[in-house]
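Let's take a friendly look at how one chain is put together and where its parts meet. Keep the 3D view open as you read.

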Amino acid sequence: MKKFLLKTVIFLLGRVILSHGLAAIADRLSPNHNTMALWNDQKHMREMLSRSSEIEALAIGNSHMGCLQFERLGYRGHRFARSAGDLFEIRYHLEQLIPRMKAVQTVFFSISYGSFHEDNAASDEVNIRRADVYTSLPSWQFIDGDFGNFVRGKTRLLIPFTSLLRKDNWQGVFYALLGKTGKTEQFVEIAQDDCSYMETEEWIDHAKTNRVAKLVRLQKQMLASRPDLVNNTYNTLVSTIRFLRQRGIRTVFFTPPYPKMYTDCFRSCLPETLATMKSRMRRLQQTENIEYYDLSQDDEFVTERRLFKDSDHLNGCGARIFSMRFKRLIAETEPTMSVHK
Amino acid sequence: MLFNSLDFLVFFPVVVCIYFATPHRFRWVLLLAASYYFYMSWKAEYGLLLLLTTFIDYYAAILIGRSTTKVKRFQYLALSLGSNLGLLFVFKYFNFFNDSVRATFNYFNVFYGVPAFQVLLPVGISFYTFQSMSYTIDVYRGQIRPEKHFGIFALYVSFFPQLVAGPIERSGHLLPQFYQRYHFDYDRVVSGLKLMAWGFFKKLVIADRVAVAVNNVYNNPTDHTGIPLLMASYLFAFQIYCDFSGYSDIAVGSARVMGFDLMQNFRQPYFSKSIGEFWTRWHISLSTWFRDYLYTPLLQSNWLFKRHWYYNLLVVFLVSGFWHGANWTFVIWGALHGFYLVFSIWTVRLRASASDLFQLSRFPRLHEAMKMVVTFHLVTFAWIFFRANSVSDAFYIVSHLFVGLEPRLGFGVDLGLFEFLIAGLAILCMELVQLKQTQTSVGQFIARQPFWIRWATYYALLFVILLFGKFDTREFIYFQF
């Protein structure tokens, strides 16, 4: 038995070394989306923690948080737009980071149409994003009921399995080795001066087949796994609001602008989801007195396709205009509740 | 809980560690609890059915053992067989018969009001009921004594490595093993782990990869003609072999780690030189079950058909087809194999004459290769019916196999070039290993190599599985049976 245990340990050590070697090769030649998303998270975590004494405002949320530019808002802030981040993860991040960032006075939250129907841990397709939280954040605490993802996330520090277990089964890496450019995974943070946008057909296709169809599919998985998902996300948001209020931190909610075409598409495919978001935010205003700006149908943006990099995310130009507009809005409003349409 | 899941990767080492740390007299408790946990992780209610079968057969066997008259003994055997077959009928076949009767009534415009039975098929029911029935039949025949220890018997029925998809063990082989004391044995454990790794390779790298192409075609057969249908059929032959034998390897390997010896279920079946030989190499535990518990009794007791052994063969294969699923496609598949076997026996002399005529005996290897190729194609043709979603789909595929054979990119099966290459290389590698296996045990061959070759092989296998395996947890095909 001792011989077996010793050989097992040596074998596993060898496996870890080989795994890191192969992962390094794969990431250098053809990093996949999961890996790039994790790198993005880790980069932001490092920056936030290194500037923890300077940061006055935080914007932590899903990818739509990319529409806020702190330079325009006039804050010394940090924006952490996590691809597919859900409200449970936002709360976890805030609970772990706020105690370390004493200068934070304002937190910005983006509430998307589907925010109350998202829990990455409830879908096998995207629960890697939950594990990413634990990989990138140096903490030994985890969200209730999330032990499995916690172990996965921490194990990734030892064995980079998302770089090894690729959906393309290393096709991208082999193509890169052969000098071919295969289908590359795209994950790029929007640069402030990046005003690229999609052409109409591509834009419409992106909305229907890429974004909304994916949301429909994920939502079905998540609700099947967590029938009480909406209530749980709502309660999580309430506890987050109270957590920040107890520390005297101003909490600003907003729904970013969406193109009319995207909203119409969403309304026809997921009407209840949209209605739930609206009704829950109204309830939060009534019960928790929140500061909320609903700019989803803002006239300045809804018909301007050129301000969006894809079907629902603002590009650099759109983010600039939005941030300047948002700055005026929040400056006009007392830090209590307010809803703008 | 699937073998190819993270849950099992955690479950198995934990169970093994606790197993070896547990005193021998309590190990059956651990294994029984682990087996029920393993099974109930699908659906907790399934455990009740398993327990019901266990209770009935345990007491039926005890009562058979105590009975002094043949009539009484037969009654208790009938109770066991009736309850097991009754369970199978209710959960697996009721809706099939109900739908068939409804279709008949509808044809004659007669109202038929019996509703369908809305229930999920319990995983592995065909396997554990057959395993349990074999026990009571063996007790009835006086081949074994009834097991007095209820816990050990319950473990025999529910032993997790082979519970949901076999091998269907015999009581005389497995039951005594639960009484034996197994110490940690390095060579046996490593051998078991190697077999498990090989099973994962077949399942994750080959079966789940080619499944994509097979499903693309077989789920929409009328969208295809010619080469895609041909390619998907060939690929299915490898998919079902790698899926099922992969599961068996994992089952046998995991049992071996703990010291238990399960029967071999596959023996390089696609190297068979006849259909008869194929059935001594494919799903051996099921074919021997049917031989011992259906064919032989039919032959011995069936005075009407005693001379007409071919009726008995056809009956056995029809039942075997039906065992696989409640669909006419499986019955046709079984009937085809029955026909193949009967025809091959009838034509032994004719074929011998033909091989003499062409002097094939002068080229024994060529002759053997020809027989293997023909057998493989006969089996693959029958798989069309096994895989098709309906009889009409199967006949469409058969009638369009050679329609429009113009070359197509990727053989028209929507499997990218890279995926195709991986599948092809993996299948080639598997066949080479199996060819070597016909001469010597590959596991022992590797064990005799220097340390660096052994470890390089283990690492290579592990990383091929990690890099090229499909990890979106597809179920094993035979779970549906």
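In chain B, the C-alpha centres of domain 1 and domain 2 lie 26 Å apart. Domain 1 of chain B covers 6-105 + 113-181, and domain 2 covers 188-480; these bounds come from an automatic or database domain assignment. This is a predicted model, where local features need pLDDT of at least 70, side-chain atom pairs count only at pLDDT 80 or more, and totals for chains, interfaces and linings use all residues. Residues are numbered from 1 along each chain as its sequence is written, while chains are lettered from A and ligands numbered from 1 in the order in which they are written.

Helices here are DSSP runs of H or I with at least four residues, strands are E runs with at least two, and both are numbered from the N terminus.

## Where chain B meets chain A

How many residues does each chain bring to the contact? Chain B gives 12 residues and chain A gives 12 residues. From chain B, α8 (186-218), α17 (417-437) and α19 (451-468) each supply at least two, and α19(B) has the largest share, with 6 residues.

## Chain B as a whole

Chain B has 19 helices and 0 strands. Its C-alpha trace spans about 70 × 65 × 50 Å along the principal axes.

Technical notes. Two residues are in contact if their C-beta atoms, placed from the backbone, lie within 7 Å.
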